[in-house]
Amino acid sequence: MQMLIKGGRVLDPGAFDAAADILIEDGRIAEVRKVGEGRAADPEESLDSAAVIDAAGLVVVPGLIDMHVHLREPGQEYKETIETGTRAAAAGGFTSVCCMPNTSPVNDSASVTRYIIEHASRCCGVRVYPVAAVSAGLCGEQLAEYGELKDAGAVAVSDDGKPVADSQLMRRALEYAGGIGLAVISHCEDPGLSGGVINEGAVSTLTGLSGVPNAAESVMVMRDIALSELTGTPVHIAHVSTRQSVEAIRAAKARGAAVTAETAPHYFTLTDEAVKSYDTRAKMNPPLRCEPDRQAVADGLADGTIDAIATDHAPHAQIEKEVEFDLAANGIIGLETSLGLGLALVEKGILSLQQLVAAMSKNPAKIIGKPCGIAPGLAADITIIDPSYEYTYRADKGRSKSRNSPFDGWNLRGCAAYTIAAGEVVYHLSKDS
Amino acid sequence: MKWTKKDILDIESLSAEEIDLILETAFGLKEISRRPIKKVPTLRGKTIVLFFLEPSTRTRISFDIAAKRLSADSVAIAAATSSIVKGETLLDTARNLQAMSPDIIVMRHSSAGAARMLARSLDVSVINAGDGMHAHPTQALLDMMTVKEAKGTLEGLNVSIIGDIAHSRVARSDILGFSRMGAAVTVAGPATMIPPGIDHLGAEVAKSVDDAVTGADVIIMLRIQKERQRRFLFPTEREYAAQYGLNTARLAKIKSDALIMHPGPMNRGVEICQEAADGPFSVILEQVANGVALRMALYYLVSGGMRDADAY
């Protein structure tokens, strides 16, 4: 099986940026040839026209990776399934996703990890990398069986959704996971300081909704950096939302700490103004912060303090959002809006296209220890971006089973034209939309 | 002016003209409660549901009496007896209520924004009787009515609100209301109880309670909730009374024509001493009396009362 991606701008951050053709053979990249560079036999002549993608005017990048999603399966299939979640991922341009362990049962055992991987292998072709629990049952009391989890296919551990409150447990998790080569992803939230439903500030004072101060996040970011330095093992900070966290990570990186970080599109796009009208679609944890935080998060992406953009795609059924704000579930879906919102940063000149693509592909791949790039021999995981396609995002037209997005009705510019995983087209814009 | 709003959800959404109209209407209706037969037929045939999902005695009875004085039929539902305890969602319960064609739903709820959510999804008028820490517009309106009655105007007055500002819906609504009507609002209390960004609502933060009471035309003391002690907001009631309460020492410093108010229920000896609560400065019971007239006015206005302005 051969496929040719012809005439696009091939952009592999840090490695390649030129107009080029990509030849794919049996799911792998066989050749990357700059346009204009001669070659003895043109493979196009021997190819079926269906196997040629005209990428003129498009940007061909390594398959995007969302290292932080909730696929909800097993156990919460009414919100999302691996099937619907991976289809949403494909439509968003993602060839790989890392799914968090807070399912029912919790992914704290090899059998759940294997279930997810096997199930995913029968879905649309998007790769699913399970993230297992730091602590058994997410209970914060004892370590999960990292060795077996790694053997089963887990790429990282995290108690995402819940912080690891016990500092000794976190220390030992970093040591133990570091010893066997699993990344540790930390949901930073001091349980004593949090407990609110939106950001603490002028908006919480005006609305009477209880607030979560920035420090609830940053004190634990600082703790985890200290523990990473103590143990000499890397730590990855999930969903950075505050300026103090960005500053702490920047300082830690400057002194050589093995800390990496991600943020979500909503933290560089929205502020707590979005919950002023008690719109539960904008309720998430950590909460949307203030303008200086939004700016700091974007700056953190621009200067490399924040390595990755991950969506924290958190599907919830309508009945979990159509309730009092205090009672509404935390989280928003994000797979199908991430690229468009990221490209808005490029359009505003905050990030270069290379930086955006790196934050959505190579950087997260490095953190979870997976290969990523456009070069002969690598798996043909490729996203072809149409940067100028303009559309109105409609949550109810999305592939996700849920619709809880504050971006419903937003006009976005730029999206995936083709998503190719292991040489198979798993999403094609004009065909599917 | 003509009343056009379907709902009364918070003070923020009311203009100064609307507040004036509400207060003037309330002053006009107040006299009904002094008649030998305290009832007018104005809202005969109207149904008012009192949907209280949080404990309340004073506010619920005030709304109930106000309905009855205008000849409306009022039905009270408490949390314990509603289907909410059976797991029905708030919206479903509300839609079911609406299906029985009431004209007004008065709701109290422990979650901020609950009244707005209800108003957005129902066609009937919604009056917010308190939603979490967000708003208690009828309390603020009756406070403004009480001050206006005593002082003739709200403009230019110094209003000090003292106590747990952070957790008080009354404080939020009073700050917004009094400042909209041209008063200068100051808040004071322990730093643990002053929320961030309170200046955005239009209040200044006083350095001390002594500063706040000195020169104030109106002193509103807030109830201190004992359970807050457990969340480290203050050490003991004894310390609170000495440091932040309106005690006899502070009472001696207040202006000779100051008004002392409290939304109730009071903790005598904690935030307010006996002499302040019962003395000549106190208009606390006037607040309660005005509450009935004020709520009658709101029923009247949201029912389209301006179309037959002399029905009462």
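This is a predicted model: local features need pLDDT of at least 70, side-chain atom pairs count only at pLDDT 80 or more; totals for chains, interfaces and linings use all residues.

**Exercise 1. Decide whether A:Ala156 is buried or exposed, and find what it touches.**

Step 1: Locate the residue. A:Ala156 lies in strand S9 (residues 156–158) of chain A.

Step 2: Count its surroundings. There are 26 other C-beta atoms within 10 Å of A:Ala156. A residue is buried if that count is 20 or more, so A:Ala156 is buried.

Step 3: List its contacts. Leaving out residues up to four places away in sequence, A:Ala156 touches A:Cys98, A:Val131, A:Leu182, A:Ala183, A:Val184, A:Ile185 and A:Ile368.

**Exercise 2. Find the residues with the most contacts inside the largest nonpolar core.**

Step 1: Start with the core itself, which has 120 residues.

Step 2: Pick out the residues with the most contacts inside it: A:Val60, A:Ala156, A:Val157, A:Val184 and A:Ile384.

Step 3: Zoom in on one of them. Among the residues that A:Val157 touches, not counting those up to four places away in sequence, are A:Val131, A:Tyr146, A:Leu182 and A:Val184.

Step 4: Look for a second core. A separate one of 113 residues includes B:Ala119, B:Val126, B:Phe178 and B:Tyr300.

**Exercise 3. Describe how helices H5 and H6 of chain B cross.**

Step 1: Find the helices. H5(B) covers residues 137–151 and H6(B) covers residues 169–180.

Step 2: Check the geometry. Their axes come within 8 Å and cross at roughly 50 degrees. That angle makes H5(B) oblique to H6(B), and the crossing is right-handed.

**Exercise 4. Work out which elements of chain B touch chain A, and how H4(B) is covered.**

Step 1: Count both sides. The contact takes 22 residues from chain B and 15 from chain A.

Step 2: Name the elements. On the chain B side, those giving two or more residues are helix H3 (90–99), helix H4 (114–121) and H6. H4(B) gives the largest share, three residues.

Step 3: Sort this side by class. It has 11 nonpolar, eight polar and three charged residues.

Step 4: Turn to H4(B). Six of its eight residues are buried, including B:Arg116 and B:Leu118. Their cover includes H3, strand S3 (104–109) and strand S4 (125–131) of chain B.

Conventions
Residues are numbered from 1 along each chain as its sequence is written. Chains are lettered from A and ligands numbered from 1 in the order in which they are written. Axes are lines fitted to C-alpha atoms, for helices over the stretch in contact, and angles run from 0 to 180 degrees between N-to-C directions. Helices (H or I, at least four residues) and strands (E, at least two) are DSSP runs, numbered from the N terminus. Angles under 35 degrees count as roughly parallel, over 145 as roughly antiparallel, 65 to 115 as roughly perpendicular and the rest as oblique. A crossing is left-handed if the near helix is turned anticlockwise from the far one by less than a right angle, and right-handed if clockwise. A nonpolar core is a set of buried Ala, Val, Leu, Ile, Met, Phe, Trp, Tyr and Cys residues joined through C-beta atoms within 7 Å. A residue is buried if 20 or more other C-beta atoms lie within 10 Å of its own, exposed if 12 or fewer, and partly exposed in between; C-beta atoms are placed from the backbone. Two residues are in contact if their C-beta atoms, placed from the backbone, lie within 7 Å. Ala, Val, Leu, Ile, Met, Phe, Trp, Tyr, Cys and Pro count as nonpolar, Asp, Glu, Lys and Arg as charged, and the others, Gly among them, as polar.
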